[in-house]
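Walk me through some of the side-chain contacts in this protein.

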Amino acid sequence: MPRRPATMLASSLVLFALLCAGVFLKVPYSEMSPGPTVNTLGESHGEPVLNISGHKTYPTTGHLNMTTVRVTGADYDMNLLEAVYGWVAGDNIVVPHENLYPDGKTDKESTQENAEEFSQSQESAKVAALKQLGIPVSARVVVSTVVKGSPAEGKLHAGDVIKEVDGSAVTQPGDVAKLVTKHKPGEPVEFTLVPAAAAAEAEKAGREATATTQVTITAGKAPDDGHAVVGIRAGTDHTFPFPIDIKLADVGGPSAGLMFALGIVDKLTPEDLTGGKFIAGTGTIDDTGKVGPIGGIQMKTIGARQAGAEYFLTPAENCAAAAAQVPDGLTLVKVSTIDDAAKALQKISKGDAAGLPQCTTS
């Protein structure tokens, strides 16, 4: 065979071999890319994202968009070719798989965890929004989860309202563990509670359940240090003065909390908080209104700008990372609390962008 065709054939075979290797060689990486954004003041799949009844609401304009990040699944094995493409693609980021899925979580475990965090973020968003508006919200300590195979299984249930442990009043979730660990394994622990079904029925009727029941559980032994346990996780459940329903499908995690809270505030405030502006943002939120950091901040700013946002409410702890690569035409606004965010919205609606606390790389 002449030298030139032989060289071309050899090169083609090598290239083919490399492509095959790239397809079949798996690498421990995952990919992140900008996900869709949703206006919390608008609709998703034909339904309002925020539906408030039993209280006066007001018309809103503009956008308060929550933002998302697309990621490859926990069980997906990325090949070398996909990783290389992700590294060179402009709006994608390839990161070590363990950064997104620590402790070897499966798709099912990750989805369940994200769903729980999303549900909790909605609860905290409602609490923070109503507190921002000075509307009282009552709280109670409940059984969040019951560990399978634990002493509490079959005796306590998720949603049970815990009033007392051994006759001592319970006002915070942490009180339960403190009172239980005063015992030794094998000793009885007495719970005074309102069963979940009775509590739910009373809440639906607009009243508080007062009838309690006593449940005695024999404490077990923790596998790590041998302290007494009953096998439950206590949490806080809030009773709202009127229904607030948040509907958004195919979204998980806690990072939409801030934008949900601001959407609720806007709908319950006579003044138009956005002034018709397109504002997006992200951030976890707790019951006190504190805004926390999230992952994938640069993907979210890109997605927000692609959707048309001009301003992006950014958690203070994410500011430096976000400011390192800001999409053209997007102003990053630094916020630490819901009050910071509300004040920023007032400035934006009035066109006072010069007075906004902006993110910097330092």
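In this predicted model, N318 touches P293, I294 and I297, setting aside residues up to four places away in sequence. N318 sits in the loop that runs between strand 19 (311–315) and helix 9 (319–323). K334 is 16 residues away along the chain, and its C-alpha atom is 8.8 Å from that of N318.

Now turn to H238, in strand 14 (residues 232–239). H238 is buried too, at 6% relative accessibility. Beyond its neighbours within four places in sequence, its contacts include E123, V127, E203 and D287. With D287 there is a polar contact, side chain to side chain, at 3.3 Å.

Next come the charged pairs. The whole structure holds five salt bridges. D339 pairs with K343, with the closest N and O atoms 3.1 Å apart. Both belong to helix 10 (residues 338–349); they are four residues apart, so about one helical turn separates them. D339 is partly exposed at 30%, and K343 is partly exposed at 47%.

K347 forms a salt bridge with D352, at 3.7 Å between the closest N and O atoms. K347 is partly exposed at 30%, as is D352 at 34%.

K247 and D245 meet at 4.0 Å, N to O. K247 is partly exposed at 39%, and D245 at 32%.

Note on methods:
Residues numbered from 1 in each chain as written. Predicted model: local features only at pLDDT ≥ 70, side-chain atom pairs only at ≥ 80, totals over all residues. Heavy atoms only, no water. Helix = DSSP H or I, 4+ residues; strand = E, 2+ residues; numbered from the N terminus. Contact = heavy atoms within 4.5 Å. Buried < 20%, exposed > 50% of the residue type's maximum accessible area, 1.4 Å probe, protein only. Polar contact = N/O pair within 3.5 Å; in protein donor to acceptor, adjacent residues only side chain to side chain. Salt bridge = Lys/Arg side-chain N within 4 Å of Asp/Glu carboxyl O.
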